Amino acid sequence: MRVLGVDPGLTRCGVGVVEGVAGRTLTMRGVGVVRTPPDAELGHRLVAIERGIEEWLDEHRPEFVAVERVFSQHNVRTVMGTAQASAVAMLCASRRGIPVALHTPSEVKAAVTGSGRADKAQVGAMVTRLLRLDAPPKPADAADALALAICHIWRAPAANRLQQAHAAAAAARAPRTPRTPAVRAAATPARKVPR
């Protein structure tokens, strides 16, 4: 499985590609940051992020895109910028038919470090160890993007099994359509009437 992780942000949008399957050694295929100037107009910044993500999709051809789920912060302006960059990443992937998964920061931290409260240094250290890198990727947005991809690779099989179980349970609970008299008559074999 090849996953593009996206840590959304307007000034720095972290991107990282990881390949592998759960329970096996993972391989980093690329890591970087799509940058936009803080003084540029919002529309131009979003277009720059779109172009950057499109280049990563073209170059690495991921099967899935994992994006950090935007969560509420005290700074509404920061949340808005993060949400806008996140939407661009989801749009780019969806336009190509690539499935998108959203993971919360605490899910990613828990998957990679074992603690949903890990700090950025701990995430960077574990990403370095798991991908057998010489040093943590810089800036932290790049390491976070790789952590998102790792999280998705490890959690996707369980999430898929859970979705299938929910679908099967819903199908089993679905009420059967009662047969109407016309359907019952059609299903009943015809009897010969004696003359």
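Strand 2 (residues 12-19) and strand 3 (residues 27-35) run antiparallel and are joined by eight bridges; strands count as paired if DSSP finds at least two bridges between them. Arginine 12 has arginine 35 as its bridge partner in strand 3. Strand 2 also runs antiparallel to strand 1 (residues 2-7), with six bridges joining them. Here arginine 2 is the bridge partner of glutamate 19. Four residues lie between strand 1 and strand 2, which form a hairpin.

Strand 2 is mostly covered, with six of its eight residues buried. Buried means under 20% relative accessible area, exposed over 50%, and partly exposed in between (1.4 Å probe, protein chains only).

## Basis of the model

This is a predicted model, in which local features need pLDDT of at least 70 and side-chain atom pairs count only at pLDDT 80 or more, while totals for chains, interfaces and linings use all residues. Residues are numbered from 1 along each chain as its sequence is written, and side-chain values use heavy atoms, leaving out hydrogens and water.

## Overall make-up

The protein has six helices and five strands, where helices (H or I, at least four residues) and strands (E, at least two) are DSSP runs numbered from the N terminus. Along the sequence they follow the pattern β-β-β-α-β-α-β-α-α-α-α.

Of the 195 residues, 36% count as buried. Among contacts (heavy atoms within 4.5 Å) between residues at least 6 apart in sequence, 62% join residues at least 24 apart.

## Helix 2

The end C-alpha atoms of helix 2 (residues 76-95) are 28 Å apart, which agrees with the 28 Å that its 20 residues should span at 1.5 Å a residue; the expected span is 1.5 Å times one less than the number of residues.

The buried residues of helix 2 include Val79, Ala85, Val88 and Cys92. Among the elements covering the buried residues of helix 2 are strand 1, helix 1 (42-60), strand 4 (64-68) and strand 5 (100-103). Glycine 97, with a positive phi near 80°, follows helix 2.

## Helix 4

Val123, Gly124, Val127 and Thr128 are buried in helix 4 (residues 120-130). These residues lie on the same side of helix 4 because they cover an arc of only 135° around the axis, taken from the directions from the helix axis to the C-beta atoms. The face turned away from this buried side carries the exposed residues Ala121 and Arg129.

At the N-terminal end, aspartate 119 caps helix 4, with a side-chain oxygen 3.2 Å from the backbone nitrogen of alanine 121. Arginine 132, which follows helix 4, has a positive phi near 55°.

Notes: Polar contact = N/O pair within 3.5 Å; in protein donor to acceptor, adjacent residues only side chain to side chain.
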